[in-house]
Amino acid sequence: MKGIILAGGSGSRLHPVTLGVSKQLVPVYNKPMIYYPLSVLMLAGITEILLISTPHDLPAFKRLLGDGAELGLQLDYAEQAHPNGLAEAFIIGEEHIGDDTSALILGDNIFHGQGFSDVLRAATQDLKGCVLFGYEVSDPHRHGIGEVDADGNLVSIEEKPAHPKSNRALTGLYFYDNDVVEIAKSLRPSARGELEITDLNNVYLDRGRAACVDLGRGFAWLDTGTHKSLLDAGQYVQTMEARQGVQIACLEEIALRMGFIDADQCYALGERIGSSGYGEYVMDFARRARPLTAV
């Protein structure tokens, strides 16, 4: 499976903060926002990832993440010069996807939950059609909402409905088979001039090949679209890390746990930023992992 992170847009709801920096590079507590969606793809076992952003912001992402080799990844970059819709990511990423399945995650989505890696990897197995991820919310009229039958098959998808049929929001994480590229190419722009992800998902729905995995209790899906929600997300991360002593979306730790790098490589990455608490955490985790990797 190939991964795509869509990290474009102007972040207008976060102005003036995002007048000078990409929204996805704004910190969520102790790490850049982009770490969180990147960590999700890594937890799914995906190592070949395309990051799509604006021509103006791409150099900053490249400075931060490089080619991904230090984390055992292959990171490539592509431009979305204009906000032409989420589904355009598959047209931009056609060569990257090739003959494989693909996962798209939005650069401002934060997920956290016990056993998330197992949930993700199960969804990638024998993927035929699309798999979306649902999360129960208290304000369904603000989200794309999915209605499912008893077998977990999607029955309907509504974008910000006035009278929601359920409170299951469809999150910014999407898994697709290889048909997604041709489907994206067949879409017509919506009234706002964009290739809509809902229209793409509805094609799969009409073909009877759309499923929804519910992220139940114990999972968190956090919005970072406003100053308040960004602060709330940072406070959530800070609280969980302080109570559990475990970092959320620590790329170096995930790379080691997933077997993308070894303990010595992980330690070296932490040592490079060792003057920060984050770097100290990475070095400590690598120290504790060394006896395990030596067995």
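**Pockets**

I looked up which element gives the most to the lining of the largest pocket, and found that β11 does, with four residues. I note that this is a predicted model, in which local features need pLDDT of at least 70 and side-chain atom pairs count only at pLDDT 80 or more, while totals for chains, interfaces and linings use all residues. Residues are numbered from 1 along each chain as its sequence is written, and side-chain values use heavy atoms, with hydrogens and water left out.

The volume of the largest pocket is about 1,600 Å³. I took a pocket as an open set of points on a 1 Å grid over the protein atoms alone, where a 1.4 Å probe fits, with protein on both sides within 12 Å along at least five of seven lines; lining residues have an atom within 4 Å of a point. The volume is the space filled by probe spheres set on the points, which are joined across faces, edges and corners. Among the 49 lining residues, Arg 13, Leu 86, Leu 106, Asp 108 and Asn 109 are the closest to the centre of the largest pocket. I sorted the lining into 15 nonpolar, 22 polar and 12 charged residues (nonpolar: Ala, Val, Leu, Ile, Met, Phe, Trp, Tyr, Cys and Pro; charged: Asp, Glu, Lys and Arg; polar: the others, Gly among them).

I then turned to the second largest pocket, with a volume of about 610 Å³. It is lined by 25 residues, of which Leu 43, His 112, Gly 113, Val 246 and Gln 247 are the closest to its centre. Its lining divides into 13 nonpolar, eight polar and four charged residues.

**Aromatic pairs**

I found eight aromatic pairs in the structure (rings of Phe, Tyr and Trp, the last by its six-membered ring, with centres within 6.5 Å; planes under 30 degrees apart are stacked, over 60 edge-to-face, the rest tilted). Phe 90 and Tyr 176 form an edge-to-face pair, at 5.1 Å centre to centre and 80° between the planes. Phe 90 is in helix α3 (residues 88–92) and Tyr 176 in strand β11 (residues 168–176), so this pair ties together parts 86 residues apart in sequence. Helices (H or I, at least four residues) and strands (E, at least two) are DSSP runs, numbered from the N terminus. Phe 90 is buried at 0% relative accessibility (buried is under 20% relative accessible area, exposed over 50%, partly exposed in between, with a 1.4 Å probe and protein chains only). Tyr 176 is also buried, at 0%. Phe 90, Tyr 174, Tyr 176 and Tyr 204 form one aromatic cluster.

**Ser 156**

I located Ser 156 in strand β10 (residues 154–159). It counts as buried because its relative accessibility is 12%. Its side chain makes a polar contact of 2.9 Å with the side chain of Glu 147 (N or O atoms within 3.5 Å; within protein, one must be able to donate a hydrogen and the other to accept it, and residues adjacent in sequence count only if both atoms are side-chain atoms).

**Backbone**

Most residues other than glycine have a negative phi, and most peptide bonds are trans. I recorded a cis peptide bond between His 15 and Pro 16, with omega about 10°. Asp 126, not a glycine, has a positive phi of about 50° and is exposed at 69% relative accessibility. Ala 249 has a positive phi near 60°, but is buried at 7% relative accessibility.
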